[in-house]
Amino acid sequence: MGEAVHQLTHLRAAPLVTVAVFLLPVVAGLAGTLLPAFGYLPAIGGLELSLAPWRDLVATPGFATSLAITLLTGIVTPMVAAAIAFCFCAWAHGRPWMRRASAAVTPILATPHSAVAIGLAFVVAPSGWIVRLLSPWATGFDVPPEVATVGDPRGVALIVALLVKEVPYLVLMIVGALAQVRVDAHMAIARSLGYSRASAWMKAIAPQVYRQVRLPIFAVVAFSLSVVDVALVVGPSNPPTLAVLAMRGFTDADVARYFPASAAAVLLFLLVMAVIAAWVTCERVARVLGRRWIAAGARNGASGPVAAAGSLAFAALALLAASSILSMALWSVASQWRFPDALPSAWDVAQWSRRMSALAAPFWTTLATGVVSTLVALVLVVACLENEARMRRRAGTGVLWLLYVPLLVPQIAFLFGAQVLLVRAGLDGTLAAVVWAHLVFVLPYLFLSLCDPWRALDPRYARSAASLGASPLRVLVAVKIPLLSRPLLVACAVAFAVSVAQYLPTVFAGNGLVATLTTEAVTLASGADRRVVGAYATLQALLPMAGFAVAVAWGRGTR
Amino acid sequence: MTPLVLEGVRITLAGHALVDALSLTVAPGQCVTLMGPSGCGKSTLLAYIAGTLDAAFAASGSVRIGERDLVQVPPEQRRLGILFQDDLLFPHMSVGGNLAFALASHVRSREARAARVDAALAEAGLAGFAARDPATLSGGQRARVALMRTLLSEPAALLLDEPFNKLDAALRGEFRSFVYAHAAERGLPMLLVTHDADDAPPRGRVIALGTG
């Protein structure tokens with residue numbers, strides 16, 4: 001009895017510990033960036049509050065352009081991504097293969113953003129795969145054309161690279177949200193009232209689903225505005241996006257550049273807030289217009305063709321993603337791939353073994369960081385969910401917003417501040433610091449993917465086990481965990497993939513000393529031999545996919 | 001109005017026949033009741049008629065409204081109104097919004113549409129309910145809105161999938177007569193599936209399903 005009480009008090013601390021683990025770095029880090037943005041950072045001689053960092057920032061050459069491309073990317077990407085995702089779901093609803101759609105997008109979701117960007121650069125560059133496939137027979141090019149299709153000054157390549165990842169993410173979120181709605185019955189009613197498939201879905205289902213994918217859409221807004229790794233690979237470089245501008249300042253040899261960089265990071269945070277606020281205002285307008293649109297009763301308006309067009313865009317993005325992943329794998333085994341050959345003219349698979357010594361260290365660091373952060377997050381999340389079940393109290397929507405905090409605050413806005421604190425604590429550059437920084441993102445994703453199946457488990461299993469005399473711990477270990485083994489494994493695979501993909505947290509918490517596959521690939525992406533970059537990016541993409549494969553295989557073995 | 005005709009309808013699931021060689025004609029304004037225990041394929045038959053049958057089933061046989069064959073027609077062009085045991089009012093629309101959604105689009109102007117919606121509400125004894133959230137209505141009120149919604153779409157026939165099931169005894173009889181009166185007045189053929197013999201209208205034809 002005494003032991004059971006002891007267990008319970010430990011468990012009660014779980015939510016608090018969990019929130020502290022992933023929110024403390026964000027809050028403390030934000031403060032640690034805010035102060036230097038106003039000139040205060042004693043370690044490098046900033047002792048007085050002033051607006052000088054902001055004046056420096058505004059005076060940075062190309063600042064206005066940076067601001068404009070940042071806003072363009074941050075507004076266009078979520079709008080287009082949401083439109084395509086909703087169109088695809090409307091068009092695909094009820095088609096037999098749709099049941100497998102979520103499995104089909106898993107490889108794209110598993111692949112880190114930066115790896116997709118690297119692959120995409122291989123595909124769409126003037127010397128990339130698309131031009132090679134069309135040359136010289138269609139284009140007449142014997143040498144790559146001199147146009148900027150990657151790193152173009154307006155950031156079109158950046159938007160496309162983001163869409164390749166964000167559209168499947170939103171589709172998965174919509175498919176998940178559909179489970180909460182009486183889709184089939186409402187679709188049957190709407191169609192019996194004379195609405196075509198796409199019109200019925202857009203008017204009867206989409207508004208119900210939208211509320212549940214709002215937070216993921218806001219996460220896409222924040223990510224698109226503030227992403228660094230993808231922008232480093234395919235974004236414009238001169239002037240770059242605001243996030244890259246801040247990143248350059250934070251990594252400048254001249255420490256005085258930390259001040260305007262902090263101001264840029266804070267500005268980015270404010271931009272995220274402003275764009276989300278504008279989005280919420282647009283939602284209000286859309287609600288009024290949407291009601292009128294629905295009440296007008298048009299049975300077969302533009303919805304059908306629009307949904308089909310969106311689905312076509314989705315197919316194009318999926319094709320881009322697949323060819324991106326394939327092209328980096330091809331480069332990693334090519335010995336000679338001259339322009340405009342469609343395929344390498346000579347192969348060299350053995351270069352993998354020659355690169356092994358260079359790849360080994362970042363590979364093991366990536367694996368270790370991923371496994372440790374996943375396990376720590378798993379223990380915390382299971383403790384929280386178990387506590388929730390025992391207290392018979394479910395976390396409200398406020399908690400959902402808390403979980404999304406790390407996904408809504410730009411990474412660059414708190415990671416510098418967090419690094420300053422780590423330096424002061426003498427923890428910077430350690431693997432432990434990197435694991436913690438990863439936990440900030442691994443925890444919310446693990447929680448979000450595990451909470452629904454965990455809460456959906458029939459409580460009578462646990463109750464009947466308890467009535468047979470099993471202790472709460474035994475119920476957890478012998479009943480709940482085995483019953484939930486599949487969602488547990490999938491949640492771990494998601495968490496592991498999130499860890500593998502982290503670029504900025506690794507760079508800042510690791511103080512540049514901890515190299516993972518992702519940091520190496522991004523660093524090499526600008527300029528290094530495509531065969532070398534291909535090897536890093538391939539491994540970077542393979543590792544999370546292997547995680548999912550292990551989860552699926554293991555999950556099959558448990559039943 | 002024209003009759004609803006089924007001819008030689010057969011539905012199988014994994015080789016097992018749920019419905020076999022079913023032929024019947026429902027005259028305008030008349031109700032035919034298909035009785036049977038749950039799982040006998042009643043709702044499956046209605047899904048086949050409505051065109052929303054799950055791909056797991058194999059089905060054949062003709063479904064017609066008068067001379068119009070429906071089998072190859074997509075569900076939205078069949079003009080078959082359906083009532084399920086849940087009212088299935090759309091939670092994101094007001095009561096009036098649900099009705100306006102159903103109202104045929106040949107009623108163009110916003111004023112004319114609003115007038116038609118108000119008239120339908122008055123007919124259901126719910127005048128002034130247009131702006132209400134469906135969640136604030138009682139079960140009986142919601143059921144009546146669901147029927148008015150179906151009728152506003154100007155269907156050629158009515159499919160009733162145990163629509164009285166979830167109502168309590170007092171409301172049940174009242175809503176039954178409400179449905180039959182409105183459908184008969186419009187001359188709609190009605191096909192009802194139920195497992196409760198009391199649901200069938202007086203003097204209506206009753207066919208037992210799934211007994212063999």
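Chain A is divided into domain 1 (1-50 + 350-559) and domain 2 (61-318), with bounds that come from an automatic or database domain assignment. The model is a predicted one, in which local features need pLDDT of at least 70, side-chain atom pairs count only at pLDDT 80 or more, and totals for chains, interfaces and linings use all residues. Residues are numbered from 1 along each chain as its sequence is written, while chains are lettered from A and ligands numbered from 1 in the order in which they are written.

The centres of the two domains of chain A, taken over C-alpha atoms, are separated by 24 Å. Across their boundary, 35 residues of domain 1 are in contact with 35 residues of domain 2; contact requires that the C-beta atoms of two residues, placed from the backbone, lie within 7 Å. On the domain 1 side, the elements that give two or more residues are helix 2 (14-37), helix 16 (397-408), helix 17 (411-425), helix 21 (485-501), helix 23 (517-525) and helix 24 (530-557) of chain A. Helix 24 of chain A supplies the largest share of this side, 8 residues. By class, this side of domain 1 divides into 28 nonpolar, 6 polar and 1 charged residues. Here Ala, Val, Leu, Ile, Met, Phe, Trp, Tyr, Cys and Pro count as nonpolar, Asp, Glu, Lys and Arg as charged, and the others, Gly among them, as polar.

Taken as a whole, chain A has 24 helices and 2 strands, which are DSSP runs numbered from the N terminus (helices: H or I, at least four residues; strands: E, at least two). Among contacts in chain A between residues at least 6 apart in sequence, 81% join residues at least 24 apart.

Chain A also touches chain B, through a contact that takes 22 residues from chain A and 24 residues from chain B. On the side of chain A, two or more residues each come from helix 9 (183-192), helix 10 (197-226) and helix 13 (258-295). Helix 9 of chain A gives the most, with 6 residues. This side of chain A has 11 nonpolar, 6 polar and 5 charged residues.

For chain B, the domain assignment gives domain 1 (4-79 + 155-208) and domain 2 (89-141). The C-alpha centres of these domains of chain B lie 25 Å apart.
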